[in-house]
Amino acid sequence: MQTLLDKNFFDIFGLDETFGLDQGGLRERFRDLQRKYHPDNYATASDAEKRISAQYAAHINEAFTTLKDPVLRARYILSQHGISSNEHTHMDTSFLMEQMELREELEAARSINGGMTALMKLSDKVSKDYTAMIADLEATLDDPSEPGLERADQLVRELQFFDRIQQEIEEAEEAYL
Amino acid sequence: MALLQISEPGKSTSPHEHRLAAGIDLGTTNSLVATVRSGTPVVLDDENGNALLPSVVRYLADGQPQVGRVAVAAAVGDPHNTVASAKRMIGRTISELKTLHDVLPYKFDNESATIPRIITADGPRSAIEVSAEILSTLKKRAEQSLGGDLTGVVITVPAYFDDAQRQATKDAARLAGLNVMRLINEPTAAAVAYGLDHGSEGKYAIYDLGGGTFDISILHLHEGVFEVLSTAGDSALGGDDMDRLIAEWVLEQCPCELAGDESEATFLRQLLVVARQAKEALTGQDSTLIKLTMPGGDSWSTQLDTETLNSIIDPIVDRSLLPCRRVLRDAGLNQDDLDGVVLVGGSTRVPRVRERVEEFFRTQAYTDVDPDKVVAIGAAIQADILAGNRPAEDMLLLDVIPLSLGLEIMGGMVEKIIPRNSTIPVGKAQEFTTYKDGQTAMSIHVVQGERELVADCRSLARFELRGIPPMAAGSGRVQVTFKVDADGLLSVSAKEATTGVEAEVSVKPSYGLTDSEVEQMLRDSIDYAEEDMHARLLAEQRVEADRTIEALVSALDADGERFLIEEERNRLSAAIQSLRLLRDGKDVDAIKQSIEALNNLSEPFAAQRMNAGIHEALAGHNINEFNESK
């Protein structure tokens, strides 16, 4: 018996496996599924049904979390094509140089007086690059050819660097809040 | 939603049977109980017409502890035996209590104990037991008012409560003999009371400043689904802190010297009382007179005006605005995306709080439901649904965990497994490898918090996975699984999976009480000293047996022929029959085992019913890839 737990994340929501998915539709279907499977619906049911409902609800949450985030979604699509990114981790030298410069800017913003403005500027710059890369990723992933997938994998790994630095900027901002 | 009006598993309660259920707001300062009566949520009053039960318990050398107003009246005269604000202590260790900058007038019995106990005239008492006294007072109130035993309750906790604090609250409920159907977060409960009352749709911030805890949550309300987008807070920030700052201010003004003896505790209690009275007076006027009886017996008085009050309490409000920024960011929103902000908790009556919150969120605050009662009302609505009195599809709460959960890795660092603001229930597994040749055990340390270093996070549990077959370093693979249930409670398991030899261990975090500890506490407590433990356990198992049988019978009625062949149906019927026989007997363990056996036997049937539902759940949509599951 195939259960919800065996389904592809896109199939769970009855959505086509594309990177540029309809976020509103995803959220709506997520709610419909949780209306059905959430443990609150099984408060008076048998323990067997309670256990399964908790398992399903957790799985639906995981699928939703994965699909709503662009980087996680891309990573998931790549894994469906048999590409898992941890195996080859060499990064382009020029990309690494850029990242080091961003980090230096972050350090500088951290140490100056009134660094909040500098941090916000840096954050804007990072999110602009991020958005551009997401657009790039969408074009690449929705036409998956062999070199296309490799390029997408590259982009996802670069985006993970951006995610990390964005997080560090936020942490630095919190020190000023 | 028309598509959900199909007969569904788990919604089998017959429409005529009304189960008694209640929502309990277990507060730092006051506690309340509410229920839904003929479709309308109401807060239940005590025999004197008071809804609020002060969360204060006074222990006496002989006789029942006093709870509520009587205890408050005695607090100034008997500070060491009168426990207030137990919620600030629940689920915390003694060292944490000391860093909370709380001036606790209590003496603790053992500095090294996992669960701190206050020395009282009636022996050492933990915050769990104090909370249980409050809960059982509310239980009695509800059962008298409703005229029968409660089937179950929903208890609210601050959204920012960590796993230890949630577990401890649930333990307190067990001690009070309550069946907890669900723990829900206070701001979410408030949103339910508001949302259902106003039919609101959109994104709202719920700012909940109580006596001792602060929560801020952002929710998206849509067609009866209450989805929490993010939550943050401070589980040790509230009106108590304002009182303390006002008291400090008064102390600076008054020409008194603290003697450092027994009279000091009494005087400090009095200071806190007048400080609170002044704060409350200033919600309606611009200036108030503070009067004190000095340690020497002389009286003294001073004026406090609004402007001074505002400058005294501003640091508290400032501290609350930091988490407000964080929730907006975590939800990916800014102030202008919100449809409104709702004020909850008694401390939001302070005009300065309202003013600053409106200024921060750039919007008018909703305050039209009594901020003291709104949480209990929301809990009562959820309790009514979980008890089966109201169709579950009317409303669904999708809540999150407030703090990240992780594991200690090499170098005292934290590896996050489940990030904060993950929707619950949630489960995640992560693989770790052995780092030494021939390593046969792995020590697993579970922590909660946002910081990178283990030392800065809350330690939840430590356990060891043993019996790993000796292998070369790096080839042993241990999978650690985290599961957080719908109450927000964590369980962790680990197994080694490379060689096919599996070792597995499940833990409840270490601060939780074990079953035998709860039983011991029950035996010790005055309430149950006369009662036969066996009778109580038997009654519990009988209720559980009835529930299991009822659920399965109605499932079989609905779908038995659809999914099961005759032989399977007969096997289940036989198992039901044997549980029925045992249920009428007196063997607690036999009933327990029979319930478990029935649950295991019916699991495939439950799974089939559940899977059939997926098509129905999405039936309102145009599904492109509609593959029949077989």
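Axes here are lines fitted to C-alpha atoms, for helices over the stretch in contact, and the angles between their N-to-C directions run from 0 to 180 degrees. In this predicted model, the axes of helix α5 (residues 93-111) and helix α6 (residues 115-141), both of chain A, come within 9 Å and cross at roughly 160 degrees. Because angles over 145 degrees count as roughly antiparallel, α5(A) is roughly antiparallel to α6(A). The points below take up this helix pair and then the strands of chain B.

**Helix pair in chain A**

- The crossing in which α5(A) passes α6(A) is left-handed.
- On the α5(A) side, the contact is made by A:Leu102, A:Glu105, A:Leu106 and A:Ala109, while α6(A) contributes A:Gly115, A:Ala118, A:Leu119, A:Leu122, A:Lys125 and A:Val126.
- Sorted by class, the residues in the contact of α5(A) with α6(A) are 7 nonpolar, 1 polar and 2 charged.

**Four-stranded sheet in chain B**

- An open sheet of 4 strands in chain B has the order β21-β20-β23-β24, with antiparallel pairing.
- Its edge strands, each of which pairs on one side only, are β21 (413-418) and β24 (458-466) of chain B.
- From one strand to the next, the twist averages 30 degrees.
- Strand β23 (residues 441-448) of chain B runs antiparallel to β24(B) and is joined to it by 8 bridges, and B:Val446 stands opposite B:Ala461 in β24(B).

**Hairpin in chain B**

- Strands β8 (residues 117-120) and β9 (residues 123-126) of chain B run antiparallel and are joined by 4 bridges, forming a hairpin with 2 residues between the strands.
- B:Arg117 has B:Ser126 in β9(B) as its bridge partner.

Conventions. Residues numbered from 1 in each chain as written. Chains lettered and ligands numbered in written order. Predicted model: local features only at pLDDT ≥ 70, side-chain atom pairs only at ≥ 80, totals over all residues. Heavy atoms only, no water. Pairing = 2+ DSSP bridges. Parallel < 35°, antiparallel > 145°, perpendicular 65-115°, else oblique. Left-handed = near helix turned anticlockwise from the far one by under 90°. Contact = heavy atoms within 4.5 Å. Nonpolar A, V, L, I, M, F, W, Y, C, P; charged D, E, K, R; others polar.
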